[in-house]
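Please walk through this structure one step at a time, keeping the sequence and the 3D view side by side as you read.

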There are 2 protein chains.
Amino acid sequence: MFEYTLCKQDLRTRARAGVFTTPHGEIPMPIFAPVGTQATVKTVSPDELEDLGASLILANTYHLYLRPGPDLIMRLGGLHEFMRWPHPILTDSGGFQVFSLQDLRKVDEDGVTFRSHLDGSLHRFTPERVVEIQEQLGADIIMCLDECTEPHDYHYNQAALERTHRWAERCKNAQTRRDQALFGIVQGGIHPDLRAQSAAFLVQLDFPGYAIGGLSVGETKEEMHRILDMVTPLLPEHKPRYLMGVGSPEDLFEGVSRGIDMFDCVLPTRTARNAGLFTRQGRINLRAARFAQDPGPIEEGCDCYTCRRFSRAYVRHLLRVKEFLGYRLATLHNLRFMLRLIDEIRRSILDGTFVEFKTRFLSEYQIVPEEVREEQRSGTRATH
Amino acid sequence: MFEYTLCKQDLRTRARAGVFTTPHGEIPMPIFAPVGTQATVKTVSPDELEDLGASLILANTYHLYLRPGPDLIMRLGGLHEFMRWPHPILTDSGGFQVFSLQDLRKVDEDGVTFRSHLDGSLHRFTPERVVEIQEQLGADIIMCLDECTEPHDYHYNQAALERTHRWAERCKNAQTRRDQALFGIVQGGIHPDLRAQSAAFLVQLDFPGYAIGGLSVGETKEEMHRILDMVTPLLPEHKPRYLMGVGSPEDLFEGVSRGIDMFDCVLPTRTARNAGLFTRQGRINLRAARFAQDPGPIEEGCDCYTCRRFSRAYVRHLLRVKEFLGYRLATLHNLRFMLRLIDEIRRSILDGTFVEFKTRFLSEYQIVPEEVREEQRSGTRATH
């Protein structure tokens with residue numbers, strides 16, 4: 001059922017193009033998955049998502065567990081039926097959110113106890129429980145419970161990693177549905193030996209896909225790239241590799257170059273709602289006064305609904321006065337930008353021109369400086 | 001250019017079906033106009049509005065004057081081009097909002113001085129200025145500046161009315177564009193003699209259409225009906241009659257019965273965002289627990305996008321967790337409900353079955369009690 005077919009291996013980088021088969025359709029890879037935290041990608045409808053070219057979306061187990069609850073979603077036919085998205089869905093384990101709760105959670109060997117950020121009520125996730133919840137939700141790809149750590153502290157990462165490995169085994173044993181692909185998650189912070197241990201351990205468990213977790217959580221881009229450089233060669237060639245919670249436009253290129261097949265990130269959707277719009281030259285802040293009377297589209301040549309139909313001046317007005325439609329139009333553009341970009345990346349791999357495309361894109365695209373990214377990071381990850 | 005063609009006069013009531021011609025197309029009447037306060041009908045795109053069957057929308061001069069400003073909209077080609085709505089638009093004069101500002105405004109013979117609710121900055125509307133602003137915005141139907149009063153105080157209404165009449169003359173004289181229909185507004189509170197005076201005065205100014213203002217602002221439904229009963233016969237037969245800021249589903253029937261051709265109200269859109277959904281049996285509160293697991297559509301048989309595609313359980317979930325898509329799906333349903341209702345009303349007039357349709361509808365539709373309406377009224381009108 002869950003087969004990764006390699007279509008083309010780039011000869012000059014580790015970039016690769018493939019297809020991953022799921023019960024709700026094929027996922028072309030590399031892929032960017034928009035984030036639909038609460039069973040909706042914020043501001044857009046499933047039909048709009050389809051028009052944008054999305055083929056996989058992510059939903060958050062933590063949020064759906066709290067509201068409306070996995071029992072309810074299961075009784076209504078599962079997540080696909082509930083949100084009317086007939087294409088592939090991935091759910092995370094909820095671990096990332098729970099470990100982000102800081103003072104509200106307590107981890108032990110068996111699992112993690114936490115208080116809801118909504119009402120302070122007490123809950124408990126164990127490996128078995130998060131698999132059960134994800135089976136109720138019914139996504140195509142589900143994730144093991146892992147302990148998400150601060151990436152630098154070696155001893156803490158070592159202890160957490162061992163627990164994460166025991167949890168991975170328990171998740172695998174807990175799985176009862178065969179129509180869901182359970183992915184293992186490589187952890188180990190920024191420490192190559194821990195990452196290698198983690199990859200080796202998880203590979204022998206023979207998961208149908210592997211995620212690389214614990215990145216984009218406070219380390220530098222260089223640290224992230226070093227880890228990717230060493231981890232992906234340790235993962236099986238015939239399984240997809242998923243870089244969780246990443247990325248920006250430039251991250252797609254850097255990840256793909258290092259053999260990554262899957263990305264998800266709230267960046268395009270959240271940034272859109274804050275008037276940050278992607279263009280091939282870099283991100284623009286549509287709140288800037290210079291766009292007030294600009295009759296042109298967000299991005300010349302873009303084929304999204306927003307760019308085909310509305311001016312920068314109008315979208316800027318809507319965002320300034322906090323109108324719902326403004327958030328939607330900005331989101332549609334940013335998602336289309338990312339989905340078109342990953343599609344072009346894939347085609348360039350198939351054509352054998354990935355390196356040229358990467359060079360050209362990165363020479364034109366002005367990257368948001370690290371300190372700005374750093375500032376935005378906590379926000380970007382908070383509900384992810 | 002602005003011609004009202006009467007297609008059918010109901011024989012048993014004053015209901016009538018007609019067509020009003022504008023530079024951006026014909027408006028079938030009676031008509032319900034969704035409210036697009038800030039150059040967008042909250043949560044929906046112009047394409048969605050078109051699909052819903054809207055033919056006229058209203059935008060608010062007060063809000064657009066403050067942001068983004070009429071100069072900017074004019075430079076971008078006017079309101080139709082700015083918001084990409086190629087069909088008829090009506091703008092109000094801004095008077096209603098300014099007079100709602102209470103302590104922030106001061107009226108004199110020449111006009112009204114007020115402070116922006118946004119930043120406290122000082123502004124002034126005169127009859128000439130509001131016509132100028134509306135000419136910059138470029139709607140098909142524009143409104144005279146009128147003084148909106150508390151409806152019961154006779155002497156205040158009398159004084160305000162005389163000023164409103166002088167302002168109506170000044171508005172007419174100030175108009176320079178011939179491609180906009182300037183409507184006069186009948187005032188006079190709940191006092192039949194003042195209403196009669198107002199109608200007589202405005203009719204001799206020969207406006208292309210007449211609004212009835214100052215209703216649904218604190219009087220009872222019976223008081224409103226009494227005023228409509230006496231005012232519409234005083235207005236010319238070959239001009240449209242517009243009941244401003246009204247109404248609910250039942251108001252459409254009561255207004256149409258009394259010869260009203262045009263309605264606008266934020267009720268369907270605002271109520272939707274508060275989880276109040278219209279059905280032929282009455283308004284339902286989708287937050288109610290009994291809908292939590294309801295797999296059916298908001299309303300059986302409804303042809304709107306929401307009802308064709310999503311369950312009550314899903315829309316309820318989205319509204320509970322405050323997701324943008326929830327507001328949109330609820331709005332789409334309520335607008336479709338109102339637009340389909342006014343369309344069916346029009347067809348029943350053409351068929352000669354209006355009275356039967358009204359009787360049947362009102363026997364099935366449970367009206368929201370007066371005290372609930374009273375509570376909601378200030379909210380409903382606040383940004384109207």
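How many of the eleven residues of helix α6 (residues 127–137) of chain A are buried? This is a predicted model, in which local features need pLDDT of at least 70 and side-chain atom pairs count only at pLDDT 80 or more, while totals for chains, interfaces and linings use all residues. Residues are numbered from 1 along each chain as its sequence is written, and chains are lettered from A and ligands numbered from 1 in the order in which they are written.

The helix α6(A) is mostly covered, with eight of its eleven residues buried; a residue is buried if 20 or more other C-beta atoms, placed from the backbone, lie within 10 Å of its own. Among the buried residues of α6(A) are Val130(A), Val131(A), Ile133(A) and Leu137(A). After α6(A) comes Gly138(A), whose phi is positive, near 85°.

In chain B, the axes of helix α6 (residues 127–137) and helix α7 (residues 154–174) come within 8 Å and cross at roughly 45°, the axes being lines fitted to C-alpha atoms over the stretch in contact, with angles running from 0 to 180 degrees between N-to-C directions. That angle makes α6(B) oblique to α7(B), since angles under 35 degrees count as roughly parallel, over 145 as roughly antiparallel, 65 to 115 as roughly perpendicular and the rest as oblique. Pro127(B), Glu128(B), Val131(B) and Glu132(B) in α6(B) meet Trp167(B), Arg170(B), Cys171(B) and Ala174(B) in α7(B).

Turning to the two chains together, 31 residues of chain B are in contact with 31 residues of chain A, where contact means that the C-beta atoms, placed from the backbone, lie within 7 Å. The largest share of the side of chain B that touches chain A, five residues, comes from α13(B).

Technical notes. Helices (H or I, at least four residues) and strands (E, at least two) are DSSP runs, numbered from the N terminus. A residue is buried if 20 or more other C-beta atoms lie within 10 Å of its own, exposed if 12 or fewer, and partly exposed in between; C-beta atoms are placed from the backbone.
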